[in-house]
Amino acid sequence: MWRQLCDRFGMPLGMAVVALMGIWLILMVLLPQWQMIDYSLHPSLLPAEQGGEKDVWTLANYATFFQNEIHLSIFFKTIWSSVLVTALTLAVSYPLAYYLAKVARPGQAALCLLLLIIPFWINEILRTFAWYIIFAFRGPLNELLFALGLIDRPIRFLNGDIGVLVGMVYAYILFMVFPLYNAIESLDRNQIRAARDLGAGWIRTHRRIVIPHAKPGIATGCIMTFMLAAGSYAVPALLGAPGSRWFTQIIYNWFFEGGDWNQGAAYAFLLLALCIVFVTLVMRLFKVGLGDIAR
Amino acid sequence: MDGRVSLNQVAMHFGDFTAIQPTTLEIESGEFFSFLGPSGCGKTTLLNIISGFLSPSEGDVAIGDSDMTRVPVNRRPTAMIFQNLALFPLMSVYENIEFGLEVRGIDRRRRRQKADELLALVALEGSGHKPVGDLSGGQKQRIAIARALAVEPRVLLLDEPLSALDLKLRQHMRTELKAIQRKTGITFIYITHDQGEALTMSDRVAVMSAGRIEQVADPATLYRQPASDFVASFVGENNRFSGRVMKIDGDTVTLDASLTVPVAGRAIAGTDALTVGAPATLYVRPEQWRVGAADDTRLPLAGVIENEHFEGAWLTLDVALAQGPRVRVHVAQSTAQESPDLSLSAGMSCRLDYTPARAIVLPAEVGEEVGEEGAHVATTV
Amino acid sequence: MNASRWLSLGLRAYLVIFFVYLFLPLVIMAAATFNASRFPTVTPWTGTTLQWFSALWADGGMWDALFNSAVVAVGVLCLAVPIGVASALFLTTVEGRGKSFVYALILSPLLTPGVIIGISTLIFWRGWGLNGGIVLTVIAQSAFIAAYVMLMVTARLQRFDRTLERAALDLGASQWQMFRRVLLPYLRPAILSAAVLAFLQSLENYNTTLFVAGYDTTLTLYIASKVRTGLTPAVNALALIMILFTVAMAMVYEIKRRREARLAVARLAVTDESA
């Protein structure tokens, strides 16, 4: 590796490349993650006790989780809701991505993509805040439904999961649309024509031609959306009710309200493990590799 | 300025694969030298070894009197014209030409002066400020040449630079390249799979096959006296007859090639490797045939015309000889017009002859036996 | 009307609904800025006012947070862009064993939830005596933003014609000169857009920053805290300004794109004629 770098860029530049990557991957990625796992396997101690006889390897922090029914249920609710968000986002994004990639003229598609990006240049918090205004008890949505005569008293959208779901789909849709768009775009238009020509209906054409071709894009979109949803803090904090908490909120509480970083680290690792399992599962399911994801 | 290039026992291996067999070669200063061969024959590898992009597995490379084997590419007195030209797309014509001078720390005024001289040489005065994207194919070609000449190389290496051009422009650029080479007196080393290019421009040509130089000679010698079966077949078209030696008379060798009559040719490489009964091959160029009417029994070989193509200056015939093998025959347009009663169209019978002194005989190469079909046409255009 | 006409009509209707879904929240949020109501909403409309802009202007905490955000974003640029470019150079140069491992490692920050990156950074650097604050925020954000930069630069680098590199060396350039004069100018557009993306990502990051910012509140954290406590339409005024800024940038981009497209067509025509 070193040889190849030096051959191409010379010693000084090659060294700079390796140094920068070393700083990043070792000091900013690997060691911090390792330290977090290490933390999660130790009890929370006062500074004076560290290195003392109480400073032992233990699974106690994980035991706490598995013994706490509320935390367990929040963990599984987070998984379930994130899967739901992922599925919803996929369903919403697919027709759009297909339109952009294969139906729209290039100029139209470019404009649409730009329009898509605009909301995502605006703060995630503000985007979520916008939904907070819409969903408010006396907000425009309730007023509209009331004016249409669909309801006779306002609904508390912010009290259940609907607000969180809608807000999350809105927040992460771009991470689904773009991989899908890229994947479908590379499909030869003639394949679709040929399928139609051979008498396949629209549904069959999509099921047999477009979707198989777009598999890497679907996988990437699902992985990104799930990861973002499961790791989201802002959306559930703003749009969720106090009673329907997200797993990230529990983690936050361990750190900044409970003050038990070791316990928090264990919970954080569980979230990380969840994401790793999901990524692996999706990659297996869709038979795609890491190389397909980063595009 | 000594632009002599010496390769001494240069070989190149990639893992188990031998790209270049040990090769020793001297290219004279100021020579237009070509490496000719099919793709994969190792000619590009050899060029990369001379330019310094690759260092040879064995052997030494020298330019003039200095050893270059360990000198990196950016310190060699060579410059390369790349197949896709590799002009820097984000730079203007001036910036491209001046690049080599700029990295040598030459000041702006002298750089510009040099660039203007070179633009004049390639007949593109006044286009220095254009972005290279605005140039046509032929103009790009000239800028690439100017850019390479700017660094005053002792050796200019050209890697099939004309292959992307259309036919007319390609032929024009041949003349132009040759003229520039004469004017500058720089050693040109030219890589190509196109024998037309190699034969028209070069002082000498090295024909390569499978990592080995088969023959180094001037174009006429290469054509008239090919030293190996590969050269005979690759350079120009040839009709090839395998057979066994029947008789050796001076340098004239007669073969039994399973035709109705014995055939003879000249052993250009001497008769040392030929003995009576040994396998050998006879080559007859398509233009060496004399064609006569079917009843003209002075001509010994009878055949039937299978195809005829009109090519302007000549007529190409594919003739199936009575014994089976098919041969290719060129009939000059003037000949065809002088004998209007000779009917040369597909399906007609005819008779053929050639002058043995202009046909050549080579000993069959090791591992080669007399072919079943007796003869085949080696066509490379 | 046949089925495929219905389908295309349906698709169009879907598009309209989709873009309404995309933009209506922003419009409502922006509109609420001008409502005199103390609470940010459009219903009921209690009178049109510009007072929330002056309220925003007078909000010292917001300005402090904005300043912190800017410092962090510049810091992220200085750290993440070089790292991302270096990784892109590495990935497009090196072949062979170990590469796929490094590749997985490089991608991992993209597949890790932001909170985890924040937490692990916080824990790791506490061991070295570095607590939450601007510096730690820069480190934590760069950990994953560098991966985005890497992806964008790699995409362009893969289309680079390596004979240009060879040509530069052949003309006598050192590897550094080749990098400076040939490779870097080629990568410039990708590096610039990666820098813009990195800047925006840094500005809007919440999940990671939440854990590592310490007492140095960034704009996003400030907005979030406002939304949860003491919410007034001053936040909407801020949102409106951001939206206008974004739309203006998008328009500049679109105009530039169209001009470039026209230029490319014109250039093609010129080349054809002179060929």
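Chain C and chain B meet in a contact that takes 20 residues from chain C and 20 residues from chain B, where two residues count as in contact if their C-beta atoms, placed from the backbone, lie within 7 Å. On the side of chain C that touches chain B, α7 (162-170), α8 (175-204) and α11 (234-274) of chain C each supply at least two residues. Of these, α7(C) gives the most, with six residues. Helices here are DSSP runs of H or I with at least four residues, strands are runs of E with at least two, and both are numbered from the N terminus. By class, this side of chain C divides into ten nonpolar, six polar and four charged residues. Ala, Val, Leu, Ile, Met, Phe, Trp, Tyr, Cys and Pro count as nonpolar, Asp, Glu, Lys and Arg as charged, and the others, Gly among them, as polar.

The model is predicted: local features need pLDDT of at least 70 and side-chain atom pairs count only at pLDDT 80 or more, while totals for chains, interfaces and linings use all residues. Residues are numbered from 1 along each chain as its sequence is written, and chains are lettered from A and ligands numbered from 1 in the order in which they are written.

The other contact of chain C is with chain A. Of the two pairs of chains in contact, chains A and C share the most contacts. This contact takes 75 residues from chain C and 71 residues from chain A. Helix α1 (residues 3-31) of chain C gives the most to the side of chain C that touches chain A, with eleven residues. That side of chain C has 53 nonpolar, 18 polar and four charged residues. Chain A and chain B, by contrast, do not touch, and their nearest C-alpha atoms are 10 Å apart.

One helix pair links chains A and C. The axes of helix α13 (residues 261-286) of chain A and helix α5 (residues 114-126) of chain C come within 10 Å and cross at roughly 145 degrees. Such axes are lines fitted to C-alpha atoms, for helices over the stretch in contact, and angles run from 0 to 180 degrees between N-to-C directions. The crossing of α13(A) and α5(C) is left-handed; this term applies if the near helix is turned anticlockwise from the far one by less than a right angle, and right-handed applies if clockwise. From α13(A), the contact is made by W261(A), G264(A), A265(A), A268(A), L271(A) and L272(A), and from α5(C) by V115(C), I116(C), I119(C) and I123(C). Nine of these residues are nonpolar, one is polar and none is charged.

Within chain A, the secondary structure comes to 14 helices and zero strands. The C-alpha trace of this chain spans about 75 × 70 × 35 Å along its principal axes. Helix α7 (residues 162-185) and helix α10 (residues 215-230) of chain A have axes that come within 8 Å and cross at roughly 160 degrees. The two helices α7(A) and α10(A) are therefore roughly antiparallel to each other; angles over 145 degrees count as roughly antiparallel, under 35 as roughly parallel, 65 to 115 as roughly perpendicular and the rest as oblique. Their crossing is right-handed. The contact of α7(A) with α10(A) comprises 13 nonpolar, five polar and no charged residues.

Chain B is assigned domain 1 (5-224) and domain 2 (237-378), with bounds that come from an automatic or database domain assignment. The centres of these two domains, taken over C-alpha atoms, are separated by 39 Å. In chain B, helix α4 (residues 137-150) and helix α5 (residues 167-184) have axes that come within 11 Å and cross at roughly 20 degrees. That angle makes α4(B) roughly parallel to α5(B). The crossing of α4(B) and α5(B) is right-handed.

Chain B also holds an open sheet of five strands in the order β15-β19-β16-β17-β18, with antiparallel pairing; two strands pair if DSSP finds at least two bridges between them. The edge strands, each pairing on one side only, are β15 (290-292) and β18 (326-332) of chain B. From one strand to the next, the twist averages 45 degrees. Strand β17 (residues 314-321) of chain B is joined to β18(B) by seven bridges. V319(B) has V327(B), in β18(B), as its bridge partner.

Chain C, finally, is divided into domain 1 (1-49 + 232-262) and domain 2 (60-161 + 189-228). Their centres, taken over C-alpha atoms, are separated by 28 Å.
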